[in-house]
Amino acid sequence: MSQLKLPPYQKRKTSTTRPTTLAVAGIGSSSSGGTSQGRKISLGYGIQSPSDCPLLPEGFQPLHCQVAGHAFHKGTDSLGLLKCVDDGSVLKPAAKLLAGAREVKFYEQINGSSGEVSKELLLLREITPQYRGNQKLVVNGELIEFLKLEDLTQGMLEPCIMDIKIGRRSWDPMATEEKRRYEMSKYVESREAYGFCIPGFQFYSLQTGRLQRYGKEYGKKLNEVTVRDAMRKFLNADVGFCRQQLIQFLTDLWNIQKWARTQTSVRLYASSVLLVYDARRLKPVLQHSSKKSPRTPTMSPVSLAATPSRSSSKSTTPTTPTFYTTSINELGDVEPLQHYFKIQRSHSVNHNYEEEIKTMNETYTFMLDNLVGSYEEKVWAIARMIDFAHTFPVQSTEEKPTIDRNYLEGIDNIVKLFEGFLKDCEIQNSILPSVP
């Protein structure tokens, strides 16, 4: 069992760094090769130099694309996420005495045999990362327990990730008064406006081709207006929204919202929704979509709105969640071979030759990525519920079970923001000239 660590509000403050911009090379989610125990390993997020790296068993390394939570830092006992080289799993430390055991128990509960899991918790299997058990590893000479989870960025060439912490209240019933005051002092404006906050995100900019990362210091300054700006930045929407990307995110977000609107079994504190997409897939889709005529969307029965709202105790909700699915045709996937004849196109004085060559290069790269198996999955933008270390069952003493309104308010407002983006996207597409 690892030693208990001081909570952040009891530690001395250290200097913070501004968001960094990194070259795309070498920062992807997939890695190869292992290291033997006692040797230093490759750099990960939060690690400044080789001397900062922890000692890990062979076949494990820090997760390069971690965007929030505790990461490895020199001079501290902070323990971040790991990556298993063999099977690609993400390992999350479960070292905290109570919180770690609580999260392991929750994952094992929702992934038990179907006859032993309530219907409400059974639905969580579809909207959480796949649970692959737990594992103990020796890190820096100390035996640590980890949860093994599916890597949501597996196979993505340029993973873009945003961690959104749900809820106006982030402390659980066991928190001390000092802990409560500390949590109430963070992310004040964004939580007040939307019932969620953004501790961190990264994205590959389509304009610069470089990886950009934004951490908690950036997130703490966000307000009602700049939260929208941060999401637009993350979605690479500087030149316009991508309908396919938004529909894929909303498909998952609607499912999470449906679950939150009906479940009365648990209360979630400091839980997050993780948004992940592949920027390498986004660029050709945007290029292809700009040449197509606008289409009428198939919408959710939820009304389109982008303004934050608080959950009402008088709202009526369906008794059984109906999960949304989206067909391949609705997603509008771009098949690279559709561009085959354009790549064969001969030079003409009527065309900009340099631009034509640039487009051909980009399209050919996309085709090669598909052929080597990088793009096997049709869905390249997903949302999943994560972080259940502060999940508590609803007390049996309640006369009438109620939904978790602290969580529901946050997820409702995320959905409304994305529905507003989709509405903007449809307006944007409606004014584009159609191509015969």
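Okay, the fold elements: the protein has twelve helices and 13 strands, both taken as DSSP runs numbered from the N terminus, with H or I of at least four residues for helices and E of at least two for strands. This is a predicted model, where local features need pLDDT of at least 70 and side-chain atom pairs count only at pLDDT 80 or more, while totals for chains, interfaces and linings use all residues. Residues are numbered from 1 along each chain as its sequence is written, and side-chain values use heavy atoms, leaving out hydrogens and water.

On burial: 48% of the 436 residues count as buried, meaning under 20% relative accessible area, with exposed over 50% and partly exposed in between (1.4 Å probe, protein chains only).

Now the inside. Which residues touch the most other members of the largest nonpolar core? Those are F196, F234, L275, Y277 and F418, out of 69 residues. By nonpolar core I mean buried Ala, Val, Leu, Ile, Met, Phe, Trp, Tyr and Cys residues joined through side-chain atoms within 4.5 Å. Helix α12, residues 405-430, gives the most to this core, with ten residues. The core also draws at least three residues from each of domain 1 (45-151) and domain 2 (154-290 + 374-435), with bounds from an automatic or database domain assignment.

Let's zoom in on F234. Its contacts (heavy atoms within 4.5 Å) include F201, L275 and Y277, not counting residues up to four places away in sequence. F201 lies in strand β8, residues 196-204, and is buried at 1% relative accessible area. F201 and F234 are 33 residues apart in sequence, but 7.3 Å apart C-alpha to C-alpha.

Next, charges. There are 14 salt bridges, each a side-chain nitrogen of Lys or Arg within 4 Å of a carboxyl oxygen of Asp or Glu. What does the K148 and D87 pair tie together? K148 sits in strand β6 (142-149) and D87 in the loop between β3 (82-84) and β4, so their bridge links parts 61 residues apart in sequence. The N to O distance there is 3.0 Å. K148 is buried at 13%, whereas D87 is partly exposed at 38%.

E158 and R280 also pair up, at 3.3 Å N to O.
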